[in-house]
Amino acid sequence: MFSTNVVSKAINLWESVLGSSKVLMTHGLSHRGYAKKKDDGCRRACADIPLEKDPVCPIPCDRRGKKKEGILHRIKLRLIDGGTNFGTPFRYLQDDKCVCKEIEVPEPKALPAPVEEKPCIQETRSGMQVAVLGADTSIGQYVALLLKQCPCIKKLRLYEARDTSTGCCRELCQVVHDLQHIDTNCLVQAYSCACHDLERCLQNSDIVLMLESGYLSMDMPMETRFNYQAPIVKKYADAIAKECPNAFILVCASPIDCMVPLVAETLKETGWYNPRKLLGSLAVPEMRASTLAARALSLEPCYVNVPCVGGTEGDALVPLFSKALEYFEFSEKNAEMMTNTVRCASEAVAKSDCNCVRSAELSEAHALAGLVTKVAWALLCRDVPQLSGFVETDPCQIISPARFLGVNVLLNNQGICKIVDLPGNFSPLELHLMDYAVMNLKFNEDLAMNWYCDYMNAEYQLGMMGKKTQFFNTKTKYPRVLECIKDMA
């Protein structure tokens with residue numbers, strides 16, 4: 001009984017299984033697998049999940065169904081599909097942070113108009129304004145030529161101290177027109193005494209260079225040359241005190257030993273005297289002495305410097321050849337011979353050319369232009385040069401009967417910042433020459449002071465005579481005075 005039931009149930013089970021398989025085969029159904037998705041936890045068929053196509057990057061991510069055998073081919077497929085050679089099957093991976101974006105290609109437009117590149121304009125550089133008084137001479141023209149090439153000078157004004165239209169000299173306007181063709185930033189202007197342009201020439205000047213007005217022979221006595229130049233220099237000093245009292249004054253009109261005290265007294269009269277802005281030139285004798293010493297020692301002149309003390313010319317000039325080179329000293333005979341050569345250098349050059357009164361213009365112009373350049377750089381705070389100059393000394397520093405003396409000075413933007421003491425260890429010859437030079441300087445200073453006093457007295461007397469003449473020649477009647485005279489009578 002039991003066995004028959006079991007057999008019948010087994011038969012029914014097999015019949016049902018066979019019937020279901022026939023149904024499946026007839027309808028063409030296949031077995032579907034299931035996968036679990038990590039995002040929402042829902043079990044769905046992989047065949048039912050549509051492929052997500054990115055509209056931005058439509059790259060096919062389907063894996064190829066068939067693969068050819070061979071390790072090289074499989075590596076190639078893995079590299080093309082973006083997979084690796086190890087482990088996991090190929091699948092399309094996309095990072096949400098790095099999303100490919102379409103590159104917007106702008107529509108072609110017309111090319112813009114070309115922009116002209118403007119040239120780079122350098123900033124204006126500060127410079128000095130230099131006024132050259134007495135530029136009608138050959139030295140003045142040579143100095144103007146050299147100063148035109150100086151980068152620290154922005155404006156150069158040349159003053160013609162005498163009328164050259166009647167002579168054979170070249171007119172100053174022609175010289176200025178010629179200098180304007182030089183390719184530098186310095187502006188050159190001409191002023192003439194015929195048009196009374198002295199005040200206009202000196203307006204807002206930073207440096208004033210006083211040169212000789214006219215050709216004077218060095219063979220002439222010093223008193224004669226001084227009496228000729230003194231009224232002109234006095235006129236220059238009065239105009240400087242009126243138009244540019246803060247200018248640095250370089251006195252180069254001979255005799256310099258007398259002109260510097262004269263300019264100082266004139267500025268004291270007006271109340272604009274500044275001893276730090278007044279300097280007499282010793283550049284010419286210092287250049288000659290240094291060149292002579294360098295030739296005697298067979299050295300380059302840039303390595304030799306002979307300071308000059310005392311005066312600026314004649315017996316008052318004392319070049320210190322013992323200080324030309326360290327650890328070297330000339331013999332007394334050679335030093336005396338070279339001192340006489342430096343003192344008489346201008347006369348020797350003049351005698352070499354009989355047709356000219358003064359022929360040393362080129363070397364003197366070079367020395368004066370170098371002096372002006374050093375002063376200009378010092379006033380611009382670019383350098384602190386040391387040079388020899390004829391200045392008023394401090395009695396607490398240098399004891400001398402002469403107030404003005406040629407010594408070494410230091411310059412800065414305020415003018416003369418320091419007066420260097422006289423070098424020690426003079427040779428016996430230099431001590432003897434210095435004593436004699438101080439006495440000559442005292443005589444020259446007294447000569448200038450006496451002329452200045454006589455000039456002022458003459459001006460005062462002329463002024464008083466003018467007032468008396470104006471009083472007695474007046475046509476105005478004073479009835480009260482006439483009544484008083486009648487009453488007294």
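We'll look at some aromatic rings, then at a pocket.

This is a predicted model, in which local features need pLDDT of at least 70, side-chain atom pairs count only at pLDDT 80 or more, and totals for chains, interfaces and linings use all residues. Residues are numbered from 1 along each chain as its sequence is written, and side-chain values use heavy atoms, with hydrogens and water left out.

Start by selecting F226 and W451. They form an edge-to-face aromatic pair, 6.1 Å centre to centre with 80° between the planes (rings of Phe, Tyr and Trp, the last by its six-membered ring, pair if their centres lie within 6.5 Å; planes under 30 degrees apart are stacked, over 60 edge-to-face, the rest tilted). F226 sits in helix 6 and W451 in helix 12, so the pair ties together parts 225 residues apart in sequence (helices are DSSP runs of H or I, at least four residues, numbered from the N terminus).

F226, W451 and Y455 form one aromatic cluster.

Colour by accessibility next: F226 is buried at 0% relative accessible area, W451 is buried at 16%, and Y455 is partly exposed at 26% (buried is under 20%, exposed over 50%, partly exposed in between, with a 1.4 Å probe and protein chains only).

Finally, select M218, R225, S254, T312 and E313. Of the 39 residues lining the second largest pocket, these lie nearest its centre (on a 1 Å grid over the protein atoms alone, a pocket is an open set of points where a 1.4 Å probe fits, with protein on both sides within 12 Å along at least five of seven lines; lining residues have an atom within 4 Å of a point). Helix 6 and helix 12 are among the helices that each supply at least two lining residues.
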